[in-house]
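My plan was to go from the whole chain down to single residues.

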Amino acid sequence: MAKIKLDIFRFDEATDTIPHRDEVTVDLPETTTVLDALEYAKAEVDGSISFRRSCRSAICGSCSMSIGGVTSLACKTSCGSAMEEDGSVKIDPMPNFQPMKDLVVHMDPFWDKYARLKPYLQPKDADSAHATERRVSPDDMKKLVDVANCIMCATCYSLCPVVSVDPAFAGPAAIAYAYRFIEDVRDGQRPERLAQISEDYLWLCAHCYACSYCPKHVDPNDRIIDVKRAAITDRVMMNERGPRHALVVARTIKQTGMLAETEVIQGTVGRFNIRGLLKVAPLGARMALKGKLPPPFLKPVPKVDEIRTIFDALEAPVR
Ligand code: SF4
Ligand code: SF4
Ligand code: FES
């Protein structure tokens with residue numbers, strides 16, 4: 001047994017203007033999950049502590065909260081693994097969400113973004129009576145299995161730095177789930193889905209990998225790369241800055257083995273987009289003043305052929 005100090009964020013939007021913290025000490029083994037410790041504290045010490053939970057088995061996705069500064073499932077995280085040196089476990093509501101009561105947050109923005117992507121099969125055929133099965137080969141199903149494990153816990157969403165600065169961004173879970181239908185051979189809405197997710201700021205993802213911390217190993221970051229690749233392959237919204245940026249970066253690296261920044265800026269903004277180029281001109285001037293402006297034409301690095309071989313092997317789209 002150990003004395004575990006649960007350091008809990010407390011706030012009730014109905015009565016409070018600012019949050020405060022409560023410390024509740026429970027006598028439990030360190031292997032106790034944070035959820036069980038909270039249940040114990042609620043049953044034995046303070047019945048007003050509020051949090052969401054249902055399955056207690058990492059299946060329902062309800063119990064995501066920030067534990068020791070990292071969003072995790074409370075039913076899958078032991079107190080011992082999140083304990084500070086003084087025996088305390090810091091528990092907060094998920095970041096990137098508005099707190100409602102204690103550890104319960106308003107999930108609406110997360111669900112709204114998910115719903116915009118129509119997360120259900122829209123079949124190619126018009127068999128509305130479902131008279132026959134829509135079969136999928138094991139190979140076609142293989143790539144969808146991992147993402148279908150998503151439990152919508154919003155852990156990834158709460159860890160995403162782009163969501164925190166731009167709430168319009170669809171976020172990792174919604175994009176990963178869009179992938180699940182974009183790549184489903186039975187679905188008839190691939191172009192519409194790709195256009196919708198591109199409009200929902202797919203290209204804002206900075207590939208920081210913060211969302212790799214997924215309790216079900218969905219790897220949303222990798223699925224976002226797959227969706228971007230599909231958007232480029234299908235040539236969806238190619239005039240947006242995102243795909244232009246990705247392609248010009250790939251082209252300059254393939255040509256020279258280096259990032260040709262001057263060319264990347266022109267290619268991203270658009271060579272004939274005078275207004276856009278004027279907007280970035282002050283940045284260019286500042287770089288020039290600091291001696292950081294790269295030469296307009298770069299000489300290929302030695303062994304650039306090896307880099308080109310990598311591009312060819314990956315069949316990376318290059319414009
Ligand atoms: S992708 Fe992972 S972290 Fe994100 S909602 Fe789904 S299960 Fe949770
Ligand atoms: S990889 Fe993209 S979606 Fe994932 S956390 Fe980073 S910015 Fe957000
Ligand atoms: S209670 Fe269901 S995932 Fe934790």
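Here are my entries, in the order in which I looked things up.

**Ground rules.** I am reading a predicted model, in which local features need pLDDT of at least 70, side-chain atom pairs count only at pLDDT 80 or more, and totals for chains, interfaces and linings use all residues. Residues are numbered from 1 along each chain as its sequence is written, while chains are lettered from A and ligands numbered from 1 in the order in which they are written.

**Whole chain.** I looked up the overall extent. Along the principal axes, the C-alpha atoms need a box of roughly 70 × 65 × 40 Å. I found 13 helices and seven strands. Both are DSSP runs numbered from the N terminus: helices are H or I with at least four residues, strands are E with at least two. Of the 319 residues, 29% are buried. Buried means that 20 or more other C-beta atoms, placed from the backbone, lie within 10 Å of the residue's own.

**Sheet.** In what order do the five strands of the open sheet run? I read β2-β1-β5-β3-β4, with mixed pairing. A pair needs at least two DSSP bridges between the strands. β2 (20–28) and β4 (70–73) are the edge strands with a single partner each, so one side of each has no neighbour in the sheet. On average, neighbouring strands are turned by 35° against each other, direction ignored. The axes behind such angles are lines fitted to C-alpha atoms, for helices over the stretch in contact, and angles run from 0 to 180 degrees between N-to-C directions.

I then checked one pair. β1 (residues 2–10) runs parallel to β5 (residues 88–92), over four bridges. I8 has I91 of β5 as its bridge partner. Helix α1 (residues 34–44) packs on this sheet and touches β1, β2, β3 (64–67) and β5. Its direction makes about 100° with that of β2. Contact means C-beta atoms, placed from the backbone, within 7 Å.

**Ligand 2.** Which residues come nearest to ligand 2? I noted C160, P172, C205, C208 and C211, out of 15 around it. To be near, a residue needs its C-beta atom, placed from the backbone, within 6 Å. α6 (161–165) and α9 (220–233) each give two or more residues to this shell. α9 gives the most, with three.

**R193.** I ended in helix α8 (residues 190–199), where R193 sits. Is R193 buried or exposed? R193 is buried, because 25 other C-beta atoms lie within 10 Å. Leaving out residues up to four places away in sequence, R193 touches L117, A178, F181 and I182.

Definitions and conventions:
Two residues are in contact if their C-beta atoms, placed from the backbone, lie within 7 Å. A residue is buried if 20 or more other C-beta atoms lie within 10 Å of its own, exposed if 12 or fewer, and partly exposed in between; C-beta atoms are placed from the backbone.
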